[in-house]
Amino acid sequence: MTEHAVVIAGGGPTGLMLAAELALAGVDVAIVERRASQDLPGSRAGGLHSRTIEVLDQRGIADRFLSEGQVVQVAAFGSTRFDISDFPTRHPYALGLWQNHIERILAGWVGELAVTVYRGHEVTGFAQDDTGVDVALSDGQSLRTQYLVGCDGGRSVVRKAADIEFPGSDATTSALLAEVEMVEEPELGTRRDASGIHSLGKVEYEIRDGEVVYNEGGTVRVMVTEPHVGTTSEPMLRDLSEGLIAVYGTDYGIHSPTWITRFTDMTRQAAAYRDRRILLAGDAAHVHSPVGGQGLNTGVQDAVNLGWKLAQVVHQTAPESLLDTYHAERHPVAARVLRNTMAQVALMRADDRTEALRDTVSELLSMDEPRKRFAAMMSGLDIHYDLGEGHLLLGRRMPDLDLATRDGTVRVFTLLHDAHPVLLNLGKPSGFDISRWADRLVAMDAEYAGDWELPAIGQVAAPAAVLIRPDGYVAWVGDGTDHGLRDVLTTWFGS
Ligand SMILES: Cc1cc2nc3c(=O)[nH]c(=O)nc-3n(C[C@H](O)[C@H](O)[C@H](O)COP(=O)(O)OP(=O)(O)OC[C@H]3O[C@@H](n4cnc5c(N)ncnc54)[C@H](O)[C@@H]3O)c2cc1C
């Protein structure tokens, strides 16, 4: 039986990112992907939020995405759009880039790393024992692995086979989403009526002066809210035509669909992200309305939280209990996403009272403090893992500062490219005793004279030293001594 240290079911954005993180850490990892190629029939998610761009920048690949997408201010809560250009990040914006391109670029990166990909294969089940997992594939073969990670989307076979509960709420709205050609030029933009929100846009667009500009002709992306929830039949062109006529009075002569799908606001989250040797990440662990564009982003960031932890457990440099911090840190992050999407869906309802509420929320969010807080939440920049009391940096993202070092100016994110932890001594040159971790840790004396500023929080006191985890979150803040450092190093990077 073929063996891999880790097998990932599903090579969507989450599975690809996780595979790359594990490969960077020297783990023998394989993806089993049902699709024969990385191509997606439709465009799906529309882009990346600021924190995800930062996470990709931490690995040195953000430019690959930035060069193909459109930088735009689209972080929003409900109908209120935020301008985050004043946020203290190198990427104070979102990136408009369809998911098919995001996956293609991620797959290109994964292709440069030592990852085995079994394409056109499906995981059908597994059996785990004390030493590993037998992963059953649709062609009757199986793979042996130490850990199986279900990155196999909302209908996750891995989650179901592991019998992990998926509590939450059923759908309250349902919409058809499609990419089609139209004989007539449609009325582009968003329309709201008694049945909900509908929109027509083009797949190809440019951002000019902060606004979306569509070319004439080309493929149209249609979204029409359905009058009823719960239809289970496969959506057809006729359903879309009827939906368009009901809302716009015409179907604009739709034809040649490349993709017709249905999505709802079903909101559910796995009760546990781990059952012994089985882990869940991305849509396999959480599903919700696409409002706010947070699904893909949350999945990619799940992967970056899990990758370095799982690598250390596989290499036996850290105990298995480190994996429990994955659930402890990422479950609350997605729970918050679920909550904010439910609130946004409620704000979209089409009655007079909801409209009054929408206006009220909009007015509130136009004030600077609420804008900063909600924009930091929607862009993922305010994520805070509970690592105990202490300096405001603790458990938060390390800013990408320009450090003065012996070798010249170095960006913090550049130090994270290889996914190693980084110990920065920013005070007097000191001799932290880190010999036990020296083979796994980048340690450096550096100076930084500028302000320390965090999104939505503002200025914080300059630390004397910081320990940055491979995922870019601060695990320890020094006060000029090494107080607590060895304990923290042991917690995260083993003894
Ligand atoms: C209409 C729509 C609009 C969206 N808009 C946004 C947005 O703007 N921003 C955003 O962040 N998110 C958005 N999302 C959500 C986003 O598409 C998902 O959150 C994202 O794709 C999740 O990535 P994933 O890798 O976890 O799962 P998926 O993308 O679902 O990938 C799962 C992969 O596993 C494979 N697979 C499934 N089962 C098996 C199996 N048994 N064996 C092997 N392989 C298997 C699948 O082929 C697939 O490649 C949108 C979603 C929809 C439907």
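How many residues surround the ligand, and which are the closest? In this predicted model, the ligand is surrounded by 30 residues, the closest being Thr14, Glu33, Gln99, Asp283 and Leu296. By class, the shell is made up of 13 polar, 10 nonpolar and 7 charged residues. At least two residues of this shell come from each of helix H1 (13-24), strand S2 (29-33) and helix H7 (295-314). Helix H7 supplies the largest share, with 3 residues.

A polar atom in the side chain of Asp283 is 2.7 Å from an oxygen atom of the ligand. For Gln99, an N or O atom of the side chain is 2.8 Å from a ligand oxygen. Gly46 takes part through its backbone, where an N or O atom lies 3.0 Å from an oxygen atom of the ligand. The ligand taken alone exposes 990 Å², and the protein buries 89% of that area.

Helix H7 also contains Gln301. Gln301 has a relative accessibility of 8% and therefore counts as buried, the cut-off being under 20%. The side chain of Gln301 makes a polar contact of 3.0 Å with the side chain of Thr52. Beyond neighbours within four places in sequence, Gln301 is in contact with Arg51, Thr52, Val55, Arg330, Ile383 and Tyr473.

The structure holds 33 salt bridges. One of them joins the side chains of Glu103 and Arg35, with an N to O distance of 2.8 Å. Glu103 lies in helix H4 (residues 99-112) and Arg35 in the loop between S2 and strand S3 (47-48), so this pair ties together parts that are 68 residues apart in sequence. Glu103 counts as buried because its relative accessibility is 1%.

A salt bridge also forms between the side chains of Arg144 and Asp134, at 3.1 Å from N to O. Arg144 is buried at 16% relative accessibility, whereas Asp134, at 26%, is partly exposed.

In a further salt bridge, the closest N and O atoms of Asp382 and Arg336 are 2.7 Å apart. This pair links the loop between helix H10 (368-378) and strand S24 (402-405), which holds Asp382, to helix H8 (residues 324-347), which holds Arg336; the two residues are 46 residues apart. Asp382 counts as buried at 18% relative accessibility, while Arg336 is partly exposed at 35%.

Methods
Residues numbered from 1 in each chain as written. Predicted model: local features only at pLDDT ≥ 70, side-chain atom pairs only at ≥ 80, totals over all residues. Heavy atoms only, no water. Near = heavy atom within 4 Å. Polar contact = N/O pair within 3.5 Å; in protein donor to acceptor, adjacent residues only side chain to side chain. Areas by Shrake-Rupley, 256 points an atom, 1.4 Å probe, with all protein chains shown as cover. Helix = DSSP H or I, 4+ residues; strand = E, 2+ residues; numbered from the N terminus. Nonpolar A, V, L, I, M, F, W, Y, C, P; charged D, E, K, R; others polar. Buried < 20%, exposed > 50% of the residue type's maximum accessible area, 1.4 Å probe, protein only. Contact = heavy atoms within 4.5 Å. Salt bridge = Lys/Arg side-chain N within 4 Å of Asp/Glu carboxyl O.
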